[in-house]
Amino acid sequence: MRFRRSLQIETSAVIDMVPLVNCIFLLLIFFLATSNFISQPGIKINLPKAITSEVMQENTIVIAITSDNRFYLNETPVTLMELKNKLEKASRSEHVLIKADRDVTLSKVVNIWDFCRAIGIKQVNIATNQEMK
């Protein structure tokens, strides 16, 4: 007795794309749901532009003056009197960087600069954006 095998080979193999598309959509939803779209708060300052500006690499005390005349010492809001008191307590060998908005009057910047020089801080710089030539 001879049995016959019936072996049929399917020539058109089709890959089902539905599970792959489902996985991609689930990953997309997961990453959108877990990402953080909240921008970090910061001090909004429009710095003036200068061609001859240099990049500062040292640790400095940063004084920021916004367009609505608010003062920040190392990103901490302070009043003018608090700023002067904290600068007097600072080391005389430290450098000061003044980041003033372009709409701030020059007299405010000069007053801070003069106060720093009067208490003995030797290097006072003004922050600018580097303008391309």
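This is a short talk on the fold, the surface and a few side-chain contacts of one protein chain.

First, the ground rules. The model is predicted, so local features need pLDDT of at least 70 and side-chain atom pairs count only at pLDDT 80 or more, while totals for chains, interfaces and linings use all residues. Residues are numbered from 1 along each chain as its sequence is written, and side-chain values use heavy atoms, with hydrogens and water left out.

Start with the fold. We have 3 helices and 7 strands in the protein chain. These are DSSP runs, numbered from the N terminus: H or I of at least four residues for helices, E of at least two for strands. Along the sequence the order reads α-β-β-β-β-α-β-α-β-β.

Next, burial. Under 20% relative accessible area is buried, over 50% is exposed, and in between is partly exposed, with a 1.4 Å probe and protein chains only. The chain has 133 residues, and 23% of them count as buried.

Now the surface. There is a nonpolar patch, with about 970 Å² of accessible area together. Its members are Ile15, Met17, Leu20, Val21, Ile24, Phe25, Leu28, Leu32 and Phe37. The patch rule takes residues with over 30% relative accessible area and no salt bridge; it joins nonpolar side chains (Val, Leu, Ile, Met, Phe, Trp, Tyr) within 5 Å, and like charges within 9 Å. The areas come from the Shrake-Rupley method with a 1.4 Å probe, and for residues only the protein chains shown count as cover. Take Ile15 as one of the members. It lies in the segment before α1 (18-34). Why is Ile15 called exposed? Because its relative accessible area is 69%.

On to the rings. How many aromatic pairs are there? The count is 1. The pair is Phe30 with Phe31: centres 5.4 Å apart, planes at 65°, so edge-to-face. The rule pairs rings of Phe, Tyr and Trp (its six-membered ring) with centres within 6.5 Å; planes under 30 degrees apart are stacked, over 60 edge-to-face, and the rest tilted. Phe30 is partly exposed at 47%. Phe31 is exposed at 53%.

One more ring. The charged end of Lys84 sits over Phe115, 5.3 Å from the ring centre. Here the test is NZ of Lys or CZ of Arg within 6 Å of the ring centre and within 35 degrees of the ring normal.

Now charges. Opposite charges on side chains can pair when the charged atoms come close. The count here is 1 salt bridge, meaning a side-chain nitrogen of Lys or Arg within 4 Å of a carboxyl oxygen of Asp or Glu. Which residues form it? Asp68 and Arg70, at 2.8 Å, N to O. Asp68 is partly exposed, at 43%. Arg70 is partly exposed too, at 44%.

Then the backbone. Asn69 is not a glycine, yet its phi is positive, about 60°. Asn69 lies in the loop between β2 (60-65) and β3 (71-73), and it is partly exposed at 39%. Glu75 is another non-glycine with a positive phi, about 65°. Glu75 is in the loop between β3 and β4 (76-78). With 70% relative accessibility, Glu75 is exposed.

Last, the cysteines. A disulfide needs two cysteine sulfur atoms within 2.5 Å, and the count is 0. Is Cys116 buried or exposed? Buried, because its relative accessibility is 0%. Cys23, by contrast, is partly exposed at 45%.
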